[in-house]
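Subject: Structure handover

Hello,

Please find the structure below. My notes on what was found in it follow.

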Amino acid sequence: MKRYRPPTGFRLPDRRTATEFWVVRHGESTWNADGRYQGQTDVPLSHIGVLQAAALAERLTGQHFDAVYTSDLTRASQTAEAVAERLAGQPTVQAEPGLREIDVGELGGLVVADIARQHPEYLRDLQADPWGTRRPGGESMADLFARCGDTFERLRGRHAGGRVLVFTHGGVVRVAVGLALGGVPGHAWARLSVTNTSITRVLLGEDSGTLLGFNDDAHLEDLIEATEVDDVLGQAP
């Protein structure tokens, strides 16, 4: 196999000390199916979400990871448990609250039409500044990046040189991409479409990173649904 050569002037993280994260968005939840913003509201997987998790488990059967972590929200932990039992050694799934989705505050339970009616100023601000605009009573992408960035850094230090599987949410997948790329332009966040149970791979070192793969959902080709709607985008499903 031909060895990958990075672009001139680009230094890859040292594999001996860097951590490779496989970052998975949870399966479709019941509120994803309804187009409702959920944030940190604890919502279970839908029937389609269970099927998506099973398809991912089939794909990852026999794979080895040094550790498996999940957001402590049910839709993520359900996905994690379905997959972990098919992994080499059936590793214990460790709950990590720092991997929770963005806090959407007053938007929890609302659909986009409700938000447009009740919070038109928020949608205007989000269009102008998707990075810094806070959800009413909740977090901004900047807040999420700081919170989850600290979590990834802690896990990176704990598993230096290893490979870690993470089950989380669409917003947190975007954080992982930003960490790998050294930041993402503010208006690009809304263009990072993240489907349910997709795999995003990043290699994070102490002072560098690289994106190895993004939004890989090939295991869903035989399923009808691969929901993209989440709590980060201010768009209709």
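R163 lies over the face of F65, at 4.5 Å from the ring centre; a charge counts as over a ring if NZ of Lys or CZ of Arg is within 6 Å of the ring centre and within 35 degrees of the ring normal. This is a predicted model, in which local features need pLDDT of at least 70 and side-chain atom pairs count only at pLDDT 80 or more, while totals for chains, interfaces and linings use all residues. Residues are numbered from 1 along each chain as its sequence is written, and side-chain values use heavy atoms, leaving out hydrogens and water.

The structure has 3 aromatic pairs (Phe, Tyr or Trp rings, the six-membered one for Trp, with centres within 6.5 Å; planes under 30 degrees apart are stacked, over 60 edge-to-face, the rest tilted). One of them is edge-to-face: W22 and F65, 5.2 Å centre to centre with 80 degrees between the planes. The two residues are 43 residues apart, W22 in strand β1 (residues 19-25) and F65 in the loop between α2 (47-60) and β2 (67-70). Helices (H or I, at least four residues) and strands (E, at least two) are DSSP runs numbered from the N terminus. W22 is buried at 11% relative accessible area, and F65 is buried at 4% (buried is under 20%, exposed over 50%, partly exposed in between, with a 1.4 Å probe and protein chains only).

Next, the sheet. It is open, with 6 strands in the order β3-β2-β4-β1-β5-β6 and mixed pairing; two strands pair if DSSP finds at least two bridges between them. β3 (93-95) and β6 are the edge strands, each pairing on one side only. Parallel strands β2 and β4 (residues 163-168) are joined by 4 bridges, and Y69 stands opposite V166 in β4. Antiparallel strands β5 (residues 199-204) and β6 (residues 209-216) are joined by 5 bridges. These two form a hairpin with 4 residues between them, and V202 stands opposite L211 in β6.

Finally, the helices. α6 (residues 141-158) and α7 (residues 170-181) pack at about 70 degrees, with axes 9 Å apart (axes are lines fitted to C-alpha atoms, for helices over the stretch in contact, and angles run from 0 to 180 degrees between N-to-C directions). α6 is therefore roughly perpendicular to α7 (65 to 115 degrees; under 35 is roughly parallel, over 145 roughly antiparallel, the rest oblique). Residues that meet there include F145 and F152 in α6, and V172 and L179 in α7 (contact means heavy atoms within 4.5 Å).

Regards
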